[in-house]
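Student: I have a new structure to read. Can we go through it feature by feature?

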Amino acid sequence: MNEVKQIVDDIKAGNLKPIYFLMGEEPYYIDKISSYIENNVLDESEKGFNQMVMYGRDVTVDEIVSSAKRFPMMAEHQVIIVKEAQDLSRSIEKLDSYADNPQKSTILVFNYKYKKLDKRKKVYKAIAKNGLIFESKKLYENQVGDWIARVLKSKKFTIEPKAAQMLVEFLGTDLSKISNELDKLTSVLDAGTIINPSHVEENIGISKDFNNFELRKAVGNKDVVKANRIINYFSKNPKNNPLVMTISLLNSFFTQLLSYHGLKDKSKASVARTLGVNPYFVDDYANAARNYPMRKVSQVIGLLREADVKSKGVGANQSHGDILKELIFKVLH
């Protein structure tokens, strides 16, 4: 986020680059920077003649370069934005000659999503020298909760760790999707609100009592009644609670629990840092470690792999609800 802020601040200050090559696995920041340039570099009166949006599937690199070499009309700059530029991946190296000597009055923006340039190639080196290359990296799941907290802080909100975890488990690591849901929350709540699980349930539709976070906690505590109540709910609402997601999250939990058992320093700060979790959740691992010795944890990971194979129709003819019930029964006993 700091790099993105610096790029935007430089644009605001008029420190513009002739080429912005925005690439990488996470489209959220690529869209953010590109949209800022599209909406703010030129005045509305200048955009008609001097701003152009192209799509990688519809143009060639030569056509982009030809447009980029034109001079602006009654404006200091022209802006050319190439969306879905990854469709040009086979010919993008043809940009190297232009990148060696770009038109200073043109702001050329490439949205090169889900791919990245080879740093050894001439085109990469030319853009890096004369323009700006930004790589938007996918966040790991254990980083998304902190990202949510930072985004909300910038909007003058805070969020409880459990509420943030609910969002991550329900929405995954898609920052654009999460951002949209955060916009919903902040539009209906007053600034300064501490967002809790009830807010998430009421405004986004994620149950605060029947979700993977609560199942994981119930399993960790060997709370048989609560665990069965949750998996029965999941069985009745399979579309909102896909088995593959439940297995994946339980597998992450028990894999981390295996690491927990091997730690010499089990202080809250050390565990949080080593496992990559919020300190708020460290007690869950401590409780689970008492209930699941290392040998049992290894057995549970094996059970999760078996359930994953069964869920894909290999060696079993069971509904996902039955696979989950059988899995939880074996884990808890």
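Tutor: Start with the overall make-up: the chain has 17 helices and seven strands. Helices (H or I, at least four residues) and strands (E, at least two) are DSSP runs, numbered from the N terminus. This is a predicted model, in which local features need pLDDT of at least 70, side-chain atom pairs count only at pLDDT 80 or more, and totals for chains, interfaces and linings use all residues. Residues are numbered from 1 along each chain as its sequence is written, and side-chain values use heavy atoms, with hydrogens and water left out.

Student: What box do the C-alpha atoms of the chain fill?

Tutor: Roughly 75 × 50 × 40 Å, taken along the principal axes.

Student: How many of the residues in the chain are buried?

Tutor: Learn the cut-offs. Buried means under 20% relative accessible area, exposed over 50%, and partly exposed in between (1.4 Å probe, protein chains only). Here, buried residues make up 48% of the 333 residues.

Student: And contacts?

Tutor: A contact means heavy atoms within 4.5 Å. Take the contacts in the chain with a separation of 6 or more: residues 24 or more positions apart account for 75% of them.

Student: Which residues of helix α10 are buried?

Tutor: First, the general idea. An α-helix has 3.6 residues a turn, so residues three or four places apart point the same way. Now the case: in α10 (residues 197-204), P197, H199, V200 and I204 are buried. Seen down the axis of α10, these buried residues fall within an arc of 160°, so they line one face of the helix. The arc is that of the directions from the helix axis to the C-beta atoms.

Student: What covers the buried residues of α10?

Tutor: The cover includes α8 (161-171), α9 (175-188) and β7 (194-195).

Student: What is found at the start of α10, and what just after α10?

Tutor: At the start, a side-chain oxygen of N196 comes to within 2.9 Å of the backbone nitrogen of S198. Just after α10, G205 has a positive phi of about 90°.

Student: Where else is phi positive?

Tutor: Most residues other than glycine have a negative phi, and most peptide bonds are trans. E84 has a positive phi, near 50°. E84 sits in the loop between β3 and α5 (96-100), and is partly exposed at 27% relative accessibility. K156 also has a positive phi, near 70°. K156 lies in the loop between α7 and β6 (158-159), and counts as exposed at 62% relative accessibility.

Student: Is S136 buried or exposed?

Tutor: S136 is buried, with a relative accessible area of 2%. Find S136 in the loop between β5 (132-135) and α7 (141-154). Leave aside its neighbours within four places in sequence, and S136 is in contact with M23, G24, E25, E26, Y29 and I30.

Student: Which residues of α15 are buried?

Tutor: In α15 (residues 282-291), they are V282, D284, Y285, A286, A288 and A289. The buried residues of α15 pack against α11 (212-220), α13 (243-261) and α14 (268-275).

Student: Is M73 buried or partly exposed?

Tutor: M73 is partly exposed, with a relative accessible area of 44%. Look for M73 in the loop between α4 (61-68) and β3 (78-83).

Notes. Polar contact = N/O pair within 3.5 Å; in protein donor to acceptor, adjacent residues only side chain to side chain.
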